[in-house]
Amino acid sequence: MAATLSTALDVHYTIPHSSDTKRSTIFFTSPLKFHTKRFTILCTSSKSPPKPPPPNLAEPQQQKNPSLSDQLKPLSSTILTDTTNKDQLSQTHLLSKPKSIWVNPSKPKRSVISLQRHKRSPYSYNPQIRDLRLFAQKLNDCENSEGAFMSVLEEIPHPPTRENALLLLNSLKPWHKTHLFFNWVKTQKLFPLETIFYNVTMKSLRFGRQFQLIEELAHEMIADGIELDNITYSTIITCAKRCNLFDKAMEWFERMYQTGLMPDEVTYSAILDVYAKMGKVEEVLSLYERGRASGWKPDPITFSVLGKMFGEAGDYDGIKYVLQEMKSLGVQPNLVVYNTLLEAMGKAGKPGLARSLFEEMIGSGITPNEKTLTALVKIYGKARWARDAMELWERMRSNRWPMDFFLYNTLLSMCADLGLEEEAERLFEDMKRSEQCRPDSWSYTAMLNIYGSGGSVDKAMKMFEEMSELGVELNVMGCTCLIQCLGKAKRFDDLVRVFGVSVERGVRPDDRLCGCLLSVVSLCEDSGDVEKVLACLLRANPKLVAFVKLLGVEKTSFEIIKEEFRVILSDTAVEARRPFCNCLIDICRKRNLHERAHELLYLGTMYGLYPGLHNKTANEWCLDVRSLSIGAAHTALEEWMGTLSKVIQRQEALPELFSANTGTGTHKFSQGLGSAFASHVEKLAAPFRQSEEKAGCFVATREDMVSWVQSRIQSPAGTT
DNA sequence: CCGGGCATAG
């Protein structure tokens with residue numbers, strides 16, 4: 001198999017792997033692509049094309065309005081018909097800032113947004129407001145049934161005039177009661193129900209996510225000839241969005257244009273958010289550009305929508321673009337915008353930029369809230385920036401910045417990320433003493449994570465017992481942390497008990513928990529223990545257990561392993577695939593199935609689980625084992641040495657430097673891949689030395705490598 | 001007293 005794997009590793013020399021495929025930089029590196037892409041908002045990239053209005057919808061009154069998709073013809077086609085020298089124009093315009101396109105158009109573009117916000121009608125002071133508020137409270141407090149509601153309603157202190165009815169309608173919750181009251185007012189027929197009555201009712205229905213009812217009301221408005229205004233549409237659209245009915249949101253947005261109503265910026269940013277939530281980045285940017293071209297100066301909420309979208313995409317260039325746009329338009333970010341952008345920076349993996357953005361925010365005089373601090377604490381924890389995390393924590397205390405439940409739990413998780421056991425314990429005690437923030441399932445899980453990764457088994461078990469006593473739910477992550485910890489401590493009987501209790505208490509094992517059990521199997525010295533742990537795994541993933549057994553059957557062919565492993569991996573969550581492969585390799589090595597281990601590493605490489613394992617330049621060949629388990633790293637090193645021997649024997653060109661990167665294990669609790677690697681290198685007497693410049697890197701010169709390989713060829717000792 | 005944006009995990 002060795003030859004086959006070297007072939008696989010060789011494949012890596014030539015195929016550049018890209019780990020950055022999720023970056024979308026449409027707008028910034030390739031404006032041409034963006035602007036020339038044919039785009040119609042409702043048709044092209046939507047999985048479900050827009051349906052015609054349902055038959056019970058009245059026909060829109062004004063057919064003269066083009067559909068939105070017609071209005072949003074690609075910018076490029078509009079520009080190119082305006083000139084004879086198309087090539088030149090497309091060059092100059094597409095490379096300049098998009099908005100410059102609109103400086104002097106021969107025909108003004110049709111506007112897509114109304115620059116005037118919908119005006120609200122003023123209301124006059126109602127002297128009965130006090131009575132009516134008390135009455136509304138009474139209605140809110142009564143039993144949530146039609147009978148109870150109607151009998152309280154008979155005690156209404158003042159006649160339900162238009163103003164009184166509106167006031168009551170505005171004060172009612174939950175949505176059932178608003179709806180009952182709306183219907184009651186309708187049956188009274190004391191005055192015609194105007195748009196505002198529908199709007200207020202819809203707002204309440206949206207709280208209860210009652211899209212069906214909202215749509216019924218909208219159809220009723222259409223049938224009765226009651227005008228739908230921007231407030232109506234934005235409420236319908238945001239309700240559809242919250243119910244994940246994106247097609248519905250688009251359908252109503254489209255209908256709005258068709259009836260000749262121009263969205264104002266509230267409706268417009270609501271629909272931008274709909275597209276953003278669907279991940280339609282290009283569509284959002286196109287809409288944004290069209291709005292800008294109509295003379296719209298977006299407000300902070302719009303930028304928050306854009307920032308969130310780029311954050312979800314992990315697109316740092318996009319986040320930069322949002323900041324630039326705000327700057328050039330003179331829009332000052334508010335607290336929510338900063339919160340969104342901080343979170344986005346975290347998702348884009350830019351802790352340093354998140355830190356400067358936070359300082360900029362403080363500098364501009366904005367006080368952070370719980371959400372700001374939650375985002376930042378999470379970022380520092382994940383980046384393992386212990387110093388920044390502790391400084392921030394100190395600032396939170398000395399400035400008395402607000403704390404809440406999320407923030408407590410995030411601080412606990414940060415302690416887990418940084419290995420701060422004592423700090424976490426103090427925090428946890430604070431929470432127990434507090435009124436508002438008693439530890440919940442998240443808090444206990446964080447503690448299980450801290451004790452689990454720190455190897456404090458007894459403390460972890462104490463948490464587990466405490467959870468049972470207090471009735472705190474154990475979730476799959478807490479269970480995984482505990483199992484991992486018990487496994488490392490070789491307390492297999494406790495492990496089996498914890499697993500059983502967890503499943504009884506409703507924990508549904510996921511792929512990460514299976515990976516954890518598999519890693520415990522690789523730690524077992526005794527075959528009886530192996531069976532115990534496999535029995536747990538059998539309840540969660542019988543196929544995986546069958547595969548583990550198959551690996552030990554000597555006559556199993558490589559082809560069978562290949563196919564069965566493929567099936568296993570395709571049934572496995574992406575984030576658990578490499579851990580599975582690592583553990584399986586470890587298991588094989590533990591059982592002295594070294595050939596099998598090499599086969600699995602080969603297959604793992606084939607199936608793309610180890611991108612960038614081997615990097616080759618003219619000067620340096622580097623084996624990057626940072627994402628490998630100890631057994632897998634040993635296997636990869638052996639494989640690499642085998643390949644090098646052949647290359648040297650064939651007298652092919654070699655680089656000056658060889659290096660193996662184990663990483664430094666920035667996590668306090670990481671398992672020490674570097675030292676394991678060092679001792680394996682020592683056992684092989686390979687000429688690798690710890691690099692002085694680069695921590696976690698082992699280096700060897702060409703001369704040393706060649707003489708070592710040649711000595712091994714002469715006396716092939718210690719080849720396993 | 002009618003409409004839009006922000007948070008917790010192995």
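This short talk walks through a sheet and some salt bridges in a predicted model. Residues are numbered from 1 along each chain as its sequence is written, and side-chain values use heavy atoms, with hydrogens and water left out. Because the model is predicted, local features need pLDDT of at least 70 and side-chain atom pairs count only at pLDDT 80 or more, while totals for chains, interfaces and linings use all residues.

Let me start with the sheet, which is open and has 5 strands in the order β1-β2-β3-β5-β4, with mixed pairing; strands are DSSP runs of E with at least two residues, helices runs of H or I with at least four, both numbered from the N terminus, and two strands pair if DSSP finds at least two bridges between them. At the edges stand β1 (614-616) and β4 (689-690), and since each has a single partner strand, one side of each is left without a neighbour in the sheet. Strand β1 runs antiparallel to β2 (residues 620-624), joined to β2 by 3 bridges, and His614 stands opposite Leu623 in β2.

Turning to salt bridges, meaning a side-chain nitrogen of Lys or Arg within 4 Å of a carboxyl oxygen of Asp or Glu, the whole structure contains 40 of them. In one, the side chains of Glu194 and Arg162 meet at 2.6 Å, N to O. Glu194 lies in the loop between α10 (175-188) and α11 (195-207) and Arg162 in helix α9 (residues 162-171), so the pair ties together parts 32 residues apart in sequence.

Finally, which residues are linked in a network of salt bridges? They are Asp458, Glu465, Arg491, Asp494 and Arg497.

Key. Chains are lettered from A and ligands numbered from 1 in the order in which they are written.
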